[in-house]
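Hello,

Here is the structure we talked about handing over. Please look through it first; my notes on what was found follow below.

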Amino acid sequence: MIVVMSVTASAREISDVIGRIRSMGYDIHLSEGKERTIIGVIGRGRPLDRDQLALLPGVQDVVPVSHPYKIASREYHPDDTVIPLNGIQLGGKDLAIIAGPCSVENREQIIETAHAVREAGATALRGGAFKPRTSPYAFQGLGEEGLKYLAEAREATGLPIVTEVMEPALVPLVCQYADVLQIGTRNMQNYALLHAVGESQHPVLLKRGMSSTIEELLMAAEYILSHGNMRVMLCERGIRTFETYTRNTFDVNAIPVLKHISHLPVMADPSHAVGKWEYVESVSLAAIAAGADGLILEVHMDPEHAESDGRQSLKPERFARLVEKVKQMAPIIGRQVVSPAPVQE
Ligand code: PEP
Ligand code: MN
């Protein structure tokens, strides 16, 4: 349940309500919105009398939350969560465009790609150093060496880094280099990893599991949020269906649904959804039209020779064309694409 405090509630009244809830064996989660404070009641405690809580001074309403996710829900946090990233407001009016190769392959490749995507209008750089590959014989990523190259690319271009972390023990290492920790589709329900990234307090891009429901995605986000790490972005990246022509099926429905029931920013990854570069532009525009807060796209200088996901990777020219289209579309839907701040020489 959540306790909605009245606009005029004093700090004392808020702390009295928190004290009462805690005395019954629950934990609380505080959401201090622009207008009012909302107290989320979490955990398991002794039965709480809703009517009694409603009588406490400063309480406006006590609302039972029927779904299992609480901190991720709109009821708990009515305003959109806005996450600053490189001068843009993710989840606000700005659209984020995260672009780069599937894998960091070598120093020159990531630095050249970083310059190319920045030139084309990207707001952040992606690139995997630890790669979750279906085959153990496929390229597994450069590990820490790849993280160092990513940091160099950030230095050279000013673009913040989004990169995947696959195991709890590596969270501190990846945090040293990454601006945003990506949780891949295969790890969406790796609860030890969700706890670890929650504890890190680092921004997280949480991808939807390829066979997960929207509710399961929000429950995974809840693991991270329950550590007080509110900087979580959700990401629709395509789900498994009976269709095999495309790699996955982009669930465009998930975008307006997530925006409606949750306050967290929602990103779209059309590259992994369609699996073929020629469909990436159309699905990207559809995602933005549906209300996505940004895109994460695979871009490669030489897709034919990419170590991973070349088939779905855009060349920089095609990526630039896509960014132009997103820029044209943005004002129609009340959004904007902000160019990244210039790099300090
Ligand atoms: C990736 O971003 O390269 C990736 C492996 O994504 P996903 O986890 O969505 O497959
Ligand atoms: Mn990939």
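Predicted model: local features only at pLDDT ≥ 70, side-chain atom pairs only at ≥ 80, totals over all residues.

**Notes on the model**

Strand β12 (residues 232-236) and strand β13 (residues 266-268) run parallel and are joined by 3 bridges. Leu234 has Val266 in β13 as its bridge partner.

Helix α6 (residues 191-200) packs against helix α7 (residues 214-225) at an angle of about 45°, and their axes are 7 Å apart. The two helices, α6 and α7, are therefore oblique to each other. On the α6 side the contact is made by Tyr191, Leu194, His195, Val197 and Gly198, which meet Ala220, Tyr223 and Ile224 in α7. By type, the residues of this contact are 6 nonpolar and 2 polar, with no charged ones.

Next, the ligand. Which residues surround ligand 1? They are Cys102, Arg126, Lys131, Pro132, Gln182, Gly184, Thr185, Arg186, Lys207, Arg237, His272 and Glu298. For three of these side chains there is a distance to report. An oxygen atom of ligand 1 is 2.7 Å from a side-chain N or O atom of Arg237. For Lys131, the distance from a ligand 1 oxygen to an N or O atom of the side chain is 2.9 Å. For Arg186, the corresponding distance from an oxygen of ligand 1 to a side-chain N or O atom is 3.2 Å.

Finally, there is an open sheet of 4 strands, in the order β2-β3-β1-β4, with antiparallel pairing. Its edge strands are β2 (27-32) and β4 (59-63), each of which pairs on one side only. From one strand to the next, the twist averages 20°. Within this sheet, strand β1 (residues 2-5) and strand β3 (residues 37-42) run antiparallel and are joined by 3 bridges. Opposite Ile2 stands Gly40 in β3.

Regards

Key: Residues numbered from 1 in each chain as written. Chains lettered and ligands numbered in written order. Heavy atoms only, no water. Axes fitted to C-alpha atoms, helices over the stretch in contact; angles between N-to-C directions. Parallel < 35°, antiparallel > 145°, perpendicular 65-115°, else oblique. Contact = heavy atoms within 4.5 Å. Nonpolar A, V, L, I, M, F, W, Y, C, P; charged D, E, K, R; others polar. Pairing = 2+ DSSP bridges. Near = heavy atom within 4 Å. Polar contact = N/O pair within 3.5 Å; in protein donor to acceptor, adjacent residues only side chain to side chain.
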